Amino acid sequence: MEGKNTIVFDHVEKIYQKNKVIEDLNLTIPAGQRLILLGPSGCGKSTTLRMIAGLEEISGGELRMGDRRVNEVPSGKRDISMVFQNYALYPHMTVRENITYALRVHKLEQQELNRRLQTVLEILGLEPYIERKPRELSGGQRQRVALARALVKQSRYLLLDEPLSNLDAQLRVQARKELVKIHELYKQTFVYVTHDQVEAMTVGQRVALMNQGQLQMVDTPYRVYNRPANIFTAKFIGSPSTNILDADWSDGALRILGQRITLPDCWNRVAAQSGETQLCLGIRPEHVHLQAGAAENAILGTLRYVEDYGNKRGAYVSVGDTEIVCICDRLPCAPGGVVSFALDSEHIHLFSRETTQSLGYPPELDEAGSTGDSAEVCCAIPA
Ligand code: ADP
Ligand code: MG
């Protein structure tokens, strides 16, 4: 079943001294897919990538690339190319020599070497610079040379570890588009590490979100945003973060911060089926629609503080001693005023307070949730 160039982590773990930094990792990266490893600093992204590269010994479980176990296969025999955050170009070599170095070492035939060189120069717009030394290039150009050097190898696996972090914001946007274009052309199995969720969502066909050595969710950008598997995912994806409120469910209603809010039937069925009553309600700042004054079946609070984003406003509302963030076009009233917001059934999330895992979604809303590649469903940490 595992195709050529597929990467499979099968109960993989990584232990440094006594420290378990990757726990029971099960993840399949289909051949030719762009998978993003996303998560906060220190969560184990680089370690995971370096295990694929063969630069890090695997402490437990099995890693398969293509159809074979590679735990004991040295890096040089895995057919990978890698671009690191702190890539180093050879300072005494020209751009052309830097890019073709590995090919010359492997004695690739000259005609083929020229053909590959020409292709990457064109894609990355490096032709005008081929005779320059790295010190005569800008940061962005150097970055592209590092990428070109990885691409000409035409390896089956392209591994990138925060490759754009040295670029300024504008160049990053540009480089992201180039990377996707390059991948569409070469179709290697592409694994890209970043802590930047915007980068993950724009480059990834699938996003694997990690926290503290544990995989939290693997799915399309659409689904990690709209159908988060747990509270960590709901909070990590999106900015400002999803609001999370304690909510106790009974008899078709939620008790949230002392207020009783009835839920639509479809959500009541989800809550009833879960058998859980101590819940957390998630709602994204962009899905909180504030109105002035009290309203029926709406959560009541006080508008405290406003941030002006130019095109939008960020409004901070206190409900009891909890603060909720909302993004709105217009303010319903001045700071200090009483506001309320209803819960839109299409835009709420319910989690178990104990396990922090999602209770799931009403089937009635599934049409929205299944947009994107739904071949693989979300994967949460096993209980
Ligand atoms: P990320 O790339 O997500 O920022 P890393 O994979 O680099 O995280 O690190 C994961 C964890 O493993 C961190 O807690 C880090 O301190 C630890 N770690 C990484 N490399 C080593 C090492 N060589 N020896 C001991 N601990 C390490
Ligand atoms: Mg790292």
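I began with confidence: the protein has a mean pLDDT of 92, with 95% of its residues at 70 or more; pLDDT is the predictor's confidence in each residue, from 0 to 100. Residues 372-383 fall below 50, and I noted that this stretch has 23 contacts in the model beyond near neighbours in sequence, where contact means heavy atoms within 4.5 Å.

For my conventions, residues are numbered from 1 along each chain as its sequence is written, and chains are lettered from A and ligands numbered from 1 in the order in which they are written. This is a predicted model, in which local features need pLDDT of at least 70, side-chain atom pairs count only at pLDDT 80 or more, and totals for chains, interfaces and linings use all residues, while side-chain values use heavy atoms, with hydrogens and water left out.

**Entry 1: domains**

I looked up the domain assignment, which gives domain 1 (7-226) and domain 2 (233-360); such bounds come from an automatic or database assignment. The C-alpha centres of the two domains are 39 Å apart. To their contact, domain 1 brings 12 residues and domain 2 brings 9 residues.

I then noted a buried area of about 890 Å² between domain 1 and domain 2, with 63% of it from carbon and sulfur atoms. Buried area here is the accessible area (1.4 Å probe) that two parts lose on being put together, summed over both. On the domain 1 side, Gln197, Leu209 and Tyr225 supply 60% of the area buried against domain 2, more than any other three residues.

**Entry 2: the sheet**

I traced an open sheet of 5 strands in the order β13-β12-β11-β14-β20, with antiparallel pairing. Helices (H or I, at least four residues) and strands (E, at least two) are DSSP runs, numbered from the N terminus, and two strands pair if DSSP finds at least two bridges between them. At the edges I found β13 (259-262) and β20 (348-352), each pairing on one side only.

Strands β11 and β12 are antiparallel over 4 bridges, and Ser250 stands opposite Ala253 in β12. Their hairpin has 2 residues between the strands, and Asp251 in the turn shows a positive phi of about 50 degrees.

Strand β12 (residues 253-256) is in turn joined to β13 by 4 bridges, again antiparallel. Ala253 has Thr262 of β13 as its bridge partner. In this hairpin, also with 2 residues between the strands, Leu257 has a positive phi near 50 degrees.

**Entry 3: helix α9**

In α9 (residues 265-274) I listed Cys266, Trp267, Asn268, Val270 and Ala271 as buried; buried means under 20% relative accessible area, exposed over 50%, and partly exposed in between (1.4 Å probe, protein chains only). The cover over the buried residues of α9 includes β11 (243-250), β12 and β20.

**Entry 4: backbone in the loops**

I recorded a cis peptide bond from Ser239 to Pro240, with omega near -5 degrees. Pro240 is in the loop between α8 (231-236) and β11.

Gln212, which is not a glycine, has a positive phi near 45 degrees. I placed Gln212 in the loop between β9 (206-211) and β10 (214-219), and it is exposed, with a relative accessible area of 65%.

Thr356 is likewise not a glycine, yet has a positive phi of about 65 degrees. I found Thr356 in the loop between β20 and α10 (366-369), partly exposed at a relative accessible area of 32%.
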